[in-house]
Amino acid sequence: MLARTARRIANAVFGGTCLLCRGAADLSRGEGQLCAACDADLPRLGNSLCPRCALASPAGALCGRCLARPPGYDATLAALEYRFPADVLVHALKFRGELSLAALLGRLLAERVAGSEPVDCVLPVPLSAARLRARGYNQAMEIARRAARATGAPLDARLCERSRDTPAQAELRWAEREKNVRGAFRCTVPLRASVIAVVDDVMTTGATLDELATTLKRAGASRVVNWVVARTFPS
């Protein structure tokens with residue numbers, strides 16, 4: 001009772017503004033960036049998902065698409081469905097420079113991957129040098145810092161680099177995305193049978209993550225798992 005009262009007083013006096021509804025944020029939830037109601041409204045994903053691509057699949061079985069054409073990655077863990085209000089948070093980090101959101105999204109991702117298989121290294125999806133200069137930061141790196149700390153796995157962005165700049169995937173039709181990223185990555189060190197967790201903000205077609213996983217395996221990785229904040233579902 002005293003603890004609850006103390007939290008209410010702290011929220012009233014020191015609490016920030018909820019990033020979604022602009023009400024008082026809840027200091028008891030991670031970074032205190034959302035109120036309790038908005039945190040509860042986040043479209044968290046359940047377990048009835050394909051373990052490989054994280055799309056809906058009855059009883060969480062491997063889906064027909066992954067059986068027919070297995071992607072380069074071996075598993076995907078996604079924290080949220082990419083719809084309101086998750087899309088607002090991801091968009092604000094990626095395109096509006098709201099870097100404080102990286103801690104919130106990283107916390108949500110860390111909660112999702114907690115207790116999952118151990119990995120040898122955490123790798124954020126690399127940006128090209130031109131894209132990094134233009135944006136000033138890599139949102140996947142900012143999210144990965146928090147997820148790596150929470151899991152205890154080392155973070156190493158030097159394992160792989162983007163070897164050429166490509167048009168943004170969002171600007172392309174689904175059928176063009178795979179071709180767009182073909183040969184876009186290069187590993188800089190041998191991976192020697194490592195298990196790598198690749199972190200990204202959003203997974204849509206999975207083309208970028210597929211190409212990156214294939215590149216990592218050519219360099220010696222034995223297994224690649226995707227850790228993504230939000231997963232887009234076909235409408």
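Helices (H or I, at least four residues) and strands (E, at least two) are here DSSP runs, numbered from the N terminus. On that basis the secondary structure of the protein chain comes to nine helices and six strands. The model is a predicted one, in which local features need pLDDT of at least 70 and side-chain atom pairs count only at pLDDT 80 or more, while totals for chains, interfaces and linings use all residues. Residues are numbered from 1 along each chain as its sequence is written, and side-chain values use heavy atoms, with hydrogens and water left out.

Burial is judged by relative accessible area, with buried meaning under 20%, exposed over 50% and partly exposed in between (1.4 Å probe, protein chains only). Of the 235 residues of the protein chain, 47% count as buried. If contact is taken to mean heavy atoms within 4.5 Å, then residues 24 or more positions apart account for 68% of the contacts in the protein chain that have a separation of 6 or more.

How do α4 and α5 pack, and at what angle? With axes taken as lines fitted to C-alpha atoms, for helices over the stretch in contact, and angles running from 0 to 180 degrees between N-to-C directions, α4 and α5 pack at an angle of about 130°, with their axes 9 Å apart. The two helices are therefore oblique to each other, given that angles under 35 degrees count as roughly parallel, over 145 as roughly antiparallel, 65 to 115 as roughly perpendicular and the rest as oblique. The crossing of α4 and α5 is left-handed, a crossing being left-handed if the near helix is turned anticlockwise from the far one by less than a right angle, and right-handed if clockwise. Leu89, Val90, Ala92 and Leu93 of α4 and Leu101, Ala102, Leu104 and Leu105 of α5 make the contact. By class, the contact of α4 with α5 has eight nonpolar, no polar and no charged residues, where Ala, Val, Leu, Ile, Met, Phe, Trp, Tyr, Cys and Pro count as nonpolar, Asp, Glu, Lys and Arg as charged, and the others, Gly among them, as polar.

Helix α5 (residues 101–113) also packs on helix α7 (residues 139–151), where the axes come within 8 Å and cross at roughly 40°. These helices, α5 and α7, are therefore oblique to each other, and α5 passes α7 in a right-handed crossing. On the α5 side, Ala102, Ala103, Leu105, Gly106, Arg107, Leu109, Ala110 and Val113 meet Glu142, Ile143, Arg146, Ala147, Ala150 and Thr151 in α7. By class, the contact of α5 with α7 has nine nonpolar, two polar and three charged residues.

Among the strands, β2 (residues 121–124) contains Leu123, which is buried, with a relative accessible area of 0%. Leaving aside neighbours within four places in sequence, Leu123 is in contact with residues including Asp156, Leu159, Cys160, Val198 and Leu216. Ile196 is also among the contacts of Leu123, and the C-alpha atoms of Leu123 and Ile196, 73 residues apart along the chain, are separated by 7.0 Å.

Finally, some loop residues deserve a look. Most residues other than glycine have a negative phi, and most peptide bonds are trans. Ala54, in the loop between α2 (36–41) and α3 (64–68), has a positive phi near 65° and counts as buried at 1% relative accessibility. Ala193, in the loop between β4 (185–187) and β5, likewise has a positive phi, near 60°. Ala193 is also one of the contacts of Ser222, a residue in the loop between α9 (207–218) and β6 that is partly exposed, with a relative accessible area of 44%.
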